[in-house]
Amino acid sequence: MTPVLEAVGLGKRFGRRWALSGVELSVPAGRVVGLVGPNGAGKSTLMQLACGLVAPTEGRIRVHGSEPGTRPEQLARVGYVAQDTPVYPDLTVAEHLRLGARLNPRWDAALADRRLERAELDPRQKAGRLSGGQRAQLALTVAAAKRPDLLILDEPAAALDPLARHAFLDHLMESVTELGATAVLSSHALPDVARVCDHLVVLARGRVQLCGDVEPLIAQHVRVTGRPADFDALPSEAVVLARTEQGDGRATALVRTVRPLPADGPWSVAAPDLEELVLAHLACAERPGGKGRSSARPEARR
Amino acid sequence: MIWLTWRQFRTQALIGLAALLVLAGYLLLLGLDVHQAHRDTLAHCAARPDCSGALAAFADRYRLRADLLGYLLLVLPAVLGVFCGAPLLAREFEAGTHRLVWNQSVTRRRWLAVKLAVVGGSCTLATLLAALLLGWATGPVAAVQGARFEPVAFASHGPAPAVYAAFAAVLGATLGLHLRRAVPAMAATLAVFTVVQLAVPALVRPHYRAPERTSVQLTEPIVANLTKIGTYGDIGGLRVPGGPWVIDTSPILDRGGAPVGRTDWFQDCMDHSSPADLPRCLAGHGVHVDVTQQPADRYWTFQAVESALFALLTAVTAALAFRRLRTRAD
């Protein structure tokens, strides 16, 4: 089965700065993908590449097996909501639905109406007068009602207060389930990602640091607590990603390992949570000599 | 897509339509008046040997209005380019809504094609209607003046203004696509369009066909119509019967072809004649000027060439917009 989204050697340069480079990615269908990383990691760029808003500088990206954003049939299968949730300020909420209905062959008017009602949006209101959260709801409604197979949402909950955020993510998950779609959403908020995503992509410094289904990823990591000297006894294939010294002369480390650690080691082990795992990989990418590389690359590579 | 384009363009279109209706109503009334007065003048002097004085008086009566309307039509394409063309795409980028509309099931090429066609087409049609109405309304005045080939009149009559409007609208949209902000795009549109509108009549239009060189006898009525007679015999505003486009004139020459500007009799005419007597004083010496001109019967050829030239410019500008969309979209 072809992956919904596939990137091979994907790179994008803006001027002299590489926003993304050497990205290898394969997202299977039916997942809810969380795309996380610090500011400037290339999350928005990756999403814009996936919906064809920008063209790659090198490598290639395929969505449903073909180049994104080129043909109407291709566009119909991908829904995208940009970070600033753009809507036409002069058009009313109802006119946005009309726009969607006229421009999309697979438009689901019933779904759109249902979502508007649930979000308590007045169809007669001008979109320019909506609050940030209402705008996000409207933009998501337009993207969802075209019944895409892939829904790409750039920081969808950023404009919402914590309570609205909770409800919004619930709605979002219902929409995704109802559509039977794959969703990719980027977020700063790791708890949000932990709550809704079952596939994870960690980006830092324009590169993919970690990707895969959440459960196997967690299974490959352990939190190890012990005396600093004990860590020397870890098996060679275990990689210490992040280590914090504790006050009592003991240290905690997040360790990536393919096989379970020997149970009889001089340490105690625990399963990490998703947030801890992401933070450890991001910290690892930031360290000199870590997996992240400088975004300015030598001339020879071009 | 057509619905969305129309919905976004609606306010401007309705304001423009209202203005066009007011202008059309005025032109209709003026035209009826002009044609009536023209018929009356012809009837009045039907029995007389010479009708030129009566016709000149008729043309004088409507000249100011005809000139002003001509200027209005001269600036109309620029106004449409600045207010309909330039914001057309720039506003999408300012509001970020290009990211919304480009992710509906419509390709960017189609999006651009529909926008250019609807807005460019509307501007073209509106200008064509205004130019044709103006041509009908002030036609008799222009015929008497014999000046329809001169730059301002040429640019405000016939099919040319409509093609200017198409070019201005597409130019504005393309600059909006490149600059991505409405106000700079409007300023750039005005600047570029003005330069083109000055450069074409001055540098390009005279060469659509090889101009003819001929000499024009300066008779009394011709001298009386000049807008300028310089101290040393250079002249301006020469209008020749039959209505050719006079591109360039020499200073006043005598029968032998020598400039008369520094002769005693010329200085005497200039210094000691009242404005009313000057034409007779000069014409009495049998003087002429050499002119470079395009004959009046080339008028429609020139309208066609000018329209084709601007249609080509419009197509090239539109191609630049499509190219930009392909190479650097967001």
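Modeller: Happy to! Let's start with one pair of residues: A:Leu35 stands opposite A:Ser186, which belongs to strand β7 of chain A. Please keep in mind that this is a predicted model.

Now look at the two neighbours of β3(A). Strand β7 of chain A covers residues 182–186; it runs parallel to β3(A), and four bridges join the two. Strand β8 of chain A, residues 199–204, is also parallel to β3(A) and is joined to it by four bridges. There, A:Val36 stands opposite A:Val202 in β8(A).

Which way do the residues of β3(A) point? A:Val32, A:Gly34 and A:Val36 point one way, A:Val33 and A:Leu35 point the other way, and all of them are buried.

Stepping back, chain A is divided into domain 1 (5–212) and domain 2 (220–271). Taken over C-alpha atoms, the centres of these two domains of chain A are 38 Å apart.

Finally, there is the partner chain. The contact takes 25 residues from chain A and 17 residues from chain B. On the side of chain A that touches chain B, α2 (72–76), β5 (78–81) and α3 (93–103) of chain A each supply at least two residues. The largest share, five residues, comes from α3(A). By type, the residues on this side of chain A divide into 16 nonpolar, four polar and five charged.

Definitions and conventions:
Residues numbered from 1 in each chain as written. Chains lettered and ligands numbered in written order. Predicted model: local features only at pLDDT ≥ 70, side-chain atom pairs only at ≥ 80, totals over all residues. Domains from an automatic or database assignment. Contact = placed C-beta atoms within 7 Å. Nonpolar A, V, L, I, M, F, W, Y, C, P; charged D, E, K, R; others polar. Buried ≥ 20, exposed ≤ 12 C-beta atoms within 10 Å, placed from the backbone. Pairing = 2+ DSSP bridges.
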